[in-house]
Amino acid sequence: MTTLIALEDAASRLHQCDRVLVIGCSGSGKSRLSQRLASTLDLLYISMDRDVFWLPGWKLRPRPEIVERLQGYVAQPRWIMDGTSPGTLPLRLPRSQLVIWMRPARLVSLFGVLSRWLRYYGRSRPEMAEGCPEKIDRQFLAYIWNFERTESPEIEENLAAYGPGVPVLLLKSRAETNRLLAIIGQDH
């Protein structure tokens, strides 16, 4: 069973956490939140897209290399990791002390992806591997549109199986995310 916690409780726990996992749909704000928290809490920022999955030219690393890299990052003493990949949650959840699940409405995530595409058109964003310019295609938009139906059940199964003792904060809006950041900033 997943242990859901309130925003205020998560904010107070974050100051004691050494390893935080931020998951959610593309465009939900995972990277922005992770980078801000990493800076505020002095945690190593790990982007799954940049540091684990992708090589230049949108080439996916071979699975054994992905697992090896991920195991190395997870073994680090202090980090905040931005990326969902339900299939890798069994490697990450046992070391996580808090999970933040970004779960806004799909239109919010679609808007996030479209605005980031416009901002980084033709170039790689900082949390993406070099040589992977921002792109949008029909398949990616379908992934975002169907995320709750296709990805969330596997996330929930993993949280129940591997993270029953790991508290989970659900953030369902940009306002909740901003409130968390404001509380963390005020406390620090």
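Begin by selecting arginine 13 and aspartate 9, which form a salt bridge whose closest N and O atoms are 3.1 Å apart. A salt bridge is a side-chain nitrogen of Lys or Arg within 4 Å of a carboxyl oxygen of Asp or Glu. The model is predicted: local features need pLDDT of at least 70, side-chain atom pairs count only at pLDDT 80 or more, and totals for chains, interfaces and linings use all residues. Residues are numbered from 1 along each chain as its sequence is written, and side-chain values use heavy atoms, with hydrogens and water left out.

Both residues of this pair belong to helix H1 (residues 7-14), and because they are four residues apart, about one helical turn separates them. Helices (H or I, at least four residues) and strands (E, at least two) are DSSP runs, numbered from the N terminus. Arginine 13 is partly exposed, with a relative accessible area of 34%, and aspartate 9 is also partly exposed, at 29%. Here buried means under 20% relative accessible area, exposed means over 50%, and partly exposed lies in between (1.4 Å probe, protein chains only).

**Further salt bridges**

How many salt bridges does a search of the whole structure find? The search finds 11. Select arginine 61 and glutamate 65 next; their side chains meet in a salt bridge of 2.8 Å, N to O. Arginine 61 is buried, with a relative accessible area of 10%, whereas glutamate 65 is partly exposed at 31%.

Then select glutamate 134 and arginine 116, another salt bridge, with the closest N and O atoms 2.9 Å apart. Glutamate 134 lies in the loop between H6 and H7 and arginine 116 in helix H6, so the pair ties together parts that are 18 residues apart in sequence. Glutamate 134 is buried, with a relative accessible area of 6%, and arginine 116 is buried at 16%.

**Glycine 131**

Remain in the loop between helix H6 (106-119) and helix H7 (138-145), and select glycine 131, which is found there. Glycine 131 is partly exposed, with a relative accessible area of 34%. Which residues are in contact with glycine 131, leaving aside its neighbours within four places in sequence? They are Pro56, Gly57, Trp58 and Ser124, where contact means heavy atoms within 4.5 Å. For a distance across the model, select the C-alpha atoms of glycine 131 and histidine 15: these residues are 116 residues apart along the chain, and the atoms are separated by 35 Å.

**Two residues with positive phi**

Among the contacts of glycine 131 is Trp58, which may be selected now. Tryptophan 58 is found in the loop between strand S4 (54-55) and S5. Its phi is near 60°, a positive value in a residue other than glycine. Tryptophan 58 is partly exposed, with a relative accessible area of 24%.

Move to aspartate 42, in the loop between helix H2 (30-41) and strand S3 (44-47). The phi of aspartate 42 is near 55°, again a positive value in a residue other than glycine. Aspartate 42 is exposed, with a relative accessible area of 61%.

**Helix H4**

The 13 residues should span 18 Å at 1.5 Å a residue, and the end C-alpha atoms are 18 Å apart, which agrees; the expected span is 1.5 Å times one less than the number of residues. Colour Ile66, Leu70 and Val74, the buried residues of H4. Seen down the axis of H4, these buried residues fall within an arc of 60°, so they line one face of the helix; the arc is that of the directions from the helix axis to the C-beta atoms. The face turned away from this buried side carries the exposed residues Pro64, Glu68 and Ala75. What covers the buried residues of H4 includes strand S2 (19-24), helix H3 (48-53), strand S5 (59-60), S6 and helix H5 (89-92).

**Aspartate 82**

End in strand S6 (residues 79-82) by selecting aspartate 82. Aspartate 82 is buried yet has no salt bridge, and the nearest side chain of opposite charge, lysine 30, is 4.6 Å away. For charge, Lys and Arg count as positive and Asp and Glu as negative, while His and the chain ends are not counted. The side chain of aspartate 82 makes polar contacts with the side chain of serine 31 (2.5 Å) and with that of tyrosine 45 (2.7 Å). A polar contact is a pair of N or O atoms within 3.5 Å; within protein, one must be able to donate a hydrogen and the other to accept it, and residues adjacent in sequence count only if both atoms are side-chain atoms.
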